[in-house]
Amino acid sequence: MSAGAVGIDELLERVRATYDRVGPREAYEASLDGALLVDIRYQALRERDGLIPGAVVVERNELEWRLDPLGSHRLPEAVSHDLRVVVICNEGYASSLAAASLHALGLRRATDLTGGFQAWRAAGLPTSPS
């Protein structure tokens, strides 16, 4: 390994140490309190497992463009850098890197769901067919 290089496990550990992740119940409660749930799973997973009612679907490769409050391609909900965002992937790995990317854009209240959609579903929280 070259000098300064890290593996993905170490990178995830470093990234996750910079913010507080949330579990399924906490994410659900945050959504009831106005947090934006953002599902970054790819279409095949959404079709297979369903959706979280009220979550916005944003493909991972569009996330920064859609959530940057200063961006010309932002979602209508992306109105402030103070927006509480919970990023959700399938199992809680890609969402950690996505949350770190949102932090780099100044969205300091961005976090991700520990265990992802699978943990949400296992907790018995609401889902709907895709």
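A residue is called buried when its relative accessible area is under 20%, exposed when it is over 50%, and partly exposed in between. By this rule Leu-11, with a relative accessible area of 33%, is partly exposed. The structure described here is a predicted model, and Leu-11 lies in its helix 1, which covers residues 8–16. Together with Ile-8 and Leu-97, Leu-11 makes a nonpolar surface patch of about 230 Å².

The protein contains six helices and four strands, and from the N terminus on these elements follow the order α-α-β-α-β-α-β-α-β-α. The C-alpha trace spans about 45 × 35 × 25 Å along its principal axes. Of the 130 residues, 39% are buried, while the accessible surface amounts to about 7,000 Å², with 51% of it belonging to carbon and sulfur atoms. When contacts between residues at least 6 apart in sequence are considered, 67% of them join residues at least 24 apart.

Helix 2, which comprises residues 24–32, has Pro-24, Ala-27 and Ala-30 among its residues, and these three are buried. They cover an arc of only 125° around the axis, and are therefore placed on the same side of helix 2. In an α-helix there are 3.6 residues a turn, so residues three or four places apart point the same way. On the other side of helix 2, Glu-29 and Leu-32 are exposed. The cover over the buried residues of helix 2 includes strand 1 (36–39), strand 3 (85–88) and helix 6 (116–122). Helix 2 is followed by Gly-34, which has a positive phi, near 105°.

In helix 5, which runs over residues 94–104, the buried residues are Ser-95, Ser-96, Ala-98, Ala-99 and Leu-102. Seen down the axis of helix 5, these residues fall within an arc of 160°, so that they line one face of the helix. Among the elements that cover them are helix 1, helix 4 (63–67), strand 3 and strand 4 (110–112). The glycine that follows helix 5, Gly-106, has a positive phi, near 100°.

Within strand 4 lies Asp-112, a buried residue whose relative accessible area is 0%. Although Asp-112 and Ala-99 are 13 residues apart in sequence, their C-alpha atoms are 6.2 Å apart in space. When residues up to four places away in sequence are not counted, Asp-112 touches Tyr-19, Arg-21, Val-22, Val-86, Val-87, Gly-92, Ser-95, Ser-96 and Ala-99. With one of these residues, Arg-21, Asp-112 forms a salt bridge in which the closest N and O atoms are 2.9 Å apart. This pair links distant parts of the chain, since Asp-112 belongs to strand 4 and Arg-21 to the loop between helix 1 and helix 2, and the two are 91 residues apart. Whereas Asp-112 is buried, Arg-21 is partly exposed, with a relative accessible area of 22%.

A further residue with a relative accessible area of 0% is Gly-116, which is likewise buried and is found in helix 6. Leaving aside neighbours within four places in sequence, Gly-116 is in contact with Ile-88, Cys-89, Asn-90, Glu-91 and Gly-92. The C-alpha atoms of Gly-116 and Leu-37 are separated by 11 Å, the two residues being 79 residues apart along the chain.

Across the whole structure, eight salt bridges are found. One of them joins Arg-41 to Asp-39, with the closest N and O atoms 2.7 Å apart. Arg-41, at 2% relative accessibility, counts as buried, and Asp-39, with a relative accessible area of 1%, is buried as well. Another salt bridge is formed where the side chains of Glu-64 and Arg-60 meet, at 2.9 Å from N to O. Here Glu-64 counts as buried at 15% relative accessibility, while Arg-60 counts as partly exposed at 29%.

Note on methods:
Residues are numbered from 1 along each chain as its sequence is written. This is a predicted model: local features need pLDDT of at least 70, side-chain atom pairs count only at pLDDT 80 or more; totals for chains, interfaces and linings use all residues. Side-chain values use heavy atoms; hydrogens and water are left out. Buried means under 20% relative accessible area, exposed over 50%, partly exposed in between (1.4 Å probe, protein chains only). The arc is that of the directions from the helix axis to the C-beta atoms. Contact means heavy atoms within 4.5 Å. Patches are made of residues with over 30% relative accessible area and no salt bridge: like charges are joined within 9 Å, nonpolar side chains (Val, Leu, Ile, Met, Phe, Trp, Tyr) within 5 Å. Accessible areas come from the Shrake-Rupley method with a 1.4 Å probe; for residues, only the protein chains shown count as cover. A salt bridge is a side-chain nitrogen of Lys or Arg within 4 Å of a carboxyl oxygen of Asp or Glu.
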